[in-house]
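The sequence and the model come first.

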Amino acid sequence: MATEKACRQCRRIVEEATTCPDCGGAQFTTFWRGFITIADPEKSEIAKKMGITQKGKHALRLSQ
Ligand SMILES: [Zn+2]
């Protein structure tokens, strides 16, 4: 199983990627805690609060 890692810029969680599919960032961390799956960022209060504008799995917190 691939290690999931989170984008440092937008917190998107990816498994196999060298650049983030959402923001194009190339900085990832494997030190993250909790995640949320956003289905519809336009209608999600949590997504708005967290500043998430893309669908998908996002880390709640980055530890480093
Ligand atoms: Zn990103």
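The four donor atoms around the zinc ion subtend angles of 101 to 116°, which makes the arrangement tetrahedral; four donors count as tetrahedral if all angles lie between 85 and 135 degrees. For four tetrahedral donors the ideal angle at a metal is 109.5 degrees. The protein donors are Cys7 (SG), Cys10 (SG), Cys20 (SG) and Cys23 (SG), lying 2.2 to 2.3 Å from the zinc ion. Donors here are N, O and S atoms within 2.8 Å of the metal (3.2 Å for Na, K and Ca), and water is not among the atoms, so sites may look incomplete.

This is a predicted model, in which local features need pLDDT of at least 70 and side-chain atom pairs count only at pLDDT 80 or more, while totals for chains, interfaces and linings use all residues. Residues are numbered from 1 along each chain as its sequence is written, and side-chain values use heavy atoms, with hydrogens and water left out.

**The zinc site along the chain**

The donors of the zinc ion follow the spacing C-x2-C-x9-C-x2-C. An unreviewed UniProt entry carries the annotation "binding site" for Cys7, Cys10, Cys20 and Cys23. They spread over 17 residues of sequence but cluster in space, with a largest C-alpha distance of 8.6 Å. UniProt positions are given in the numbering used here, feature names are shortened, and annotations may be inferred rather than shown by experiment.

Cysteine 10 is in the loop between strand 1 and strand 2. Leaving aside neighbours within four places in sequence, cysteine 10 is in contact (heavy atoms within 4.5 Å) with Cys20, Asp22, Cys23 and His58. Cysteine 23 is placed in the loop between strand 2 and strand 3 (28-29), and touches Cys7, Gln9 and Cys10 when residues up to four places away in sequence are not counted.

Arginine 11 also belongs to the loop between strand 1 (5-7) and strand 2 (13-14). Its phi is near 70°, a positive value in a residue other than glycine.

The table lists relative accessible areas; buried means under 20%, exposed over 50%, and partly exposed in between (1.4 Å probe, protein chains only).

| Residue | Relative accessible area | Class |
|---|---|---|
| Cysteine 7 | 0% | buried |
| Cysteine 10 | 22% | partly exposed |
| Arginine 11 | 23% | partly exposed |
| Cysteine 23 | 35% | partly exposed |
| Glycine 56 | 18% | buried |

**Glycine 56**

Glycine 56 lies in strand 5 (residues 56-62). Not counting residues up to four places away in sequence, glycine 56 touches Ile36, Thr37 and Ile38. Glycine 24 is 32 residues from glycine 56 in sequence and 15 Å from it in space, C-alpha to C-alpha.

**The whole chain**

The protein has one helix and five strands, in the order β-β-β-β-α-β along the sequence. Helices (H or I, at least four residues) and strands (E, at least two) are DSSP runs, numbered from the N terminus. UniProt lists residues 4-63 as "domain: Spt4/RpoE2 zinc finger" in an unreviewed entry. That span is 10% helix and 35% strand, and its end C-alpha atoms lie 14 Å apart.

The radius of gyration of the protein is 11 Å, which agrees with the value near 11 Å for a compact globule of 64 residues. The radius is taken over C-alpha atoms, and the globule rule is 2.2 Å times the number of residues to the power 0.38. Taken along the principal axes, the C-alpha atoms fill a box of roughly 30 × 20 × 20 Å. Buried residues make up 34% of the 64 residues.

Note on methods. Four donors count as tetrahedral if all angles lie between 85 and 135 degrees; four count as square planar and six as octahedral if opposite donors are over 155 degrees apart and all others between 65 and 115; anything else is irregular.
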